[in-house]
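The following note sets out several points for a colleague to consider. Please read each point alongside the structure shown here.

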Amino acid sequence: MQLGMIGLGKMGANMSRRLLRSGHDVVGFDLNQEAVAELASDGGDAAESLADLVDQLDGPRNVWMMVPAGDAVDATMDDLLPLLDEGDRLIDGGNTRYTDTLRRAGRAQQVGVHYIDVGTSGGVWGLEEGYSMMVGGPDDAVDALRPIFETLAPGPEKGWGHVGKAGAGHFVKMVHNGIEYGVMQAYAEGFHIMNAKDEFDLDLHQVAEIWRFGSVIRSWLLDLAARALDEDQDLADVAAWVDDSGEGRWTVQEAIDLDVPAPVITDALIQRLQSRQDETYAHRLLAALRNQFGGHDVKEAE
């Protein structure tokens, strides 16, 4: 199956590689020409512009945007929609706020383009492990893209699903990330408590490895915590500054609007904000975890 990929950053490039390895055709465009050249070296087709990308795709076209959420998506749509034809399919795989997706889906519908939102989880590990994908959009358009989703997912029938109309995919991904905040915070606090207990001189990497197998709290995030602690239990080179992509804030705001109490997710968000003022071990571990699963930059400790 043929796919146009706009945005060849870490995730977009790895998704393209996974598709190419499975025999799909990928045409890629990025403002960074080195990224485009790297895709070509992997066996993909390079595009010099959005117009060139569209010209290389057979109709009905499948175009996947993997660009930063916000103004960049609207700017890409401004340039792209006039190039597409009725019946083409436009996919947003970024961490977009679902309310923006609803607006953009309406805009695409006006010109006969199907808009599909794919909340994507998997970070830098998706190339080998596969991506979890929460898909929103029209039934026919999603069904047509099934070969793409089945290839990118951990398995054809697992790790992905059509969760509802346009906007539903990004809404579910928003809540997913809010839960992620809470789980990460719990691990960070637990390891902080153990790190503070000088009496036992605990090997925190050993503890993480014990918990990874058979424990009720085992998880992929714990696997990544073990990796981070193996590199340096004290996390001395990691500044206790925990960034956020915005989805935790959106989840808390949505909970308030729906009158749903969400104290764990809310406190986890507040702790990230607090990290920008206080220096704690828990915040260093949170920063290290974000780097482990998503390749997010960390600030080096001064």
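In which loop does P60 lie?

1. P60 is placed in the loop between α3 (50–56) and β4 (62–65). The peptide bond that joins G59 to P60 is cis, with omega at about -10°. Helices (H or I, at least four residues) and strands (E, at least two) are DSSP runs, numbered from the N terminus.

2. This is a predicted model, in which local features need pLDDT of at least 70, side-chain atom pairs count only at pLDDT 80 or more, and totals for chains, interfaces and linings use all residues. Residues are numbered from 1 along each chain as its sequence is written, and side-chain values use heavy atoms, with hydrogens and water left out.

3. Strand β2 (residues 25–29) is mostly covered, as four of its five residues are buried. Buried denotes under 20% relative accessible area, exposed over 50%, and partly exposed in between (1.4 Å probe, protein chains only).

4. β1 and β2 run parallel and are joined by five bridges; Q2 has D25 in β2 as its bridge partner. From β1 the chain passes through α1 to β2 in a right-handed β-α-β crossover. Strands count as paired if DSSP finds at least two bridges between them. A crossover is right-handed if, with the strands pointing away from the viewer, the path from the first strand over the helix to the second runs clockwise.

5. β2 also pairs in the parallel sense with strand β3 (residues 45–46), over two bridges. The bridge partner of V27 in β3 is D45. The chain crosses from β2 to β3 through α2, and this β-α-β crossover is right-handed.

6. The largest nonpolar core has 27 residues, and those with the most contacts inside it are W64, I116, M133 and F149. Such a core is a set of buried Ala, Val, Leu, Ile, Met, Phe, Trp, Tyr and Cys residues joined through side-chain atoms within 4.5 Å. Elements that each supply at least two of its residues include β1 (2–6), α2 (33–41) and β6 (114–121). The largest share, four residues, comes from α1. Another core, of 26 residues, lies apart from this one, and A188, L204, L229 and L286 are among its members.

7. D201, in the loop between α9 (168–196) and α10 (204–211), has a positive phi near 45° although it is not glycine. D201 is exposed, at a relative accessible area of 68%.

8. D259 lies in the loop between α12 (247–257) and α13 (263–274). Phi of this non-glycine residue is also positive, near 60°, and D259 is exposed, with a relative accessible area of 69%.
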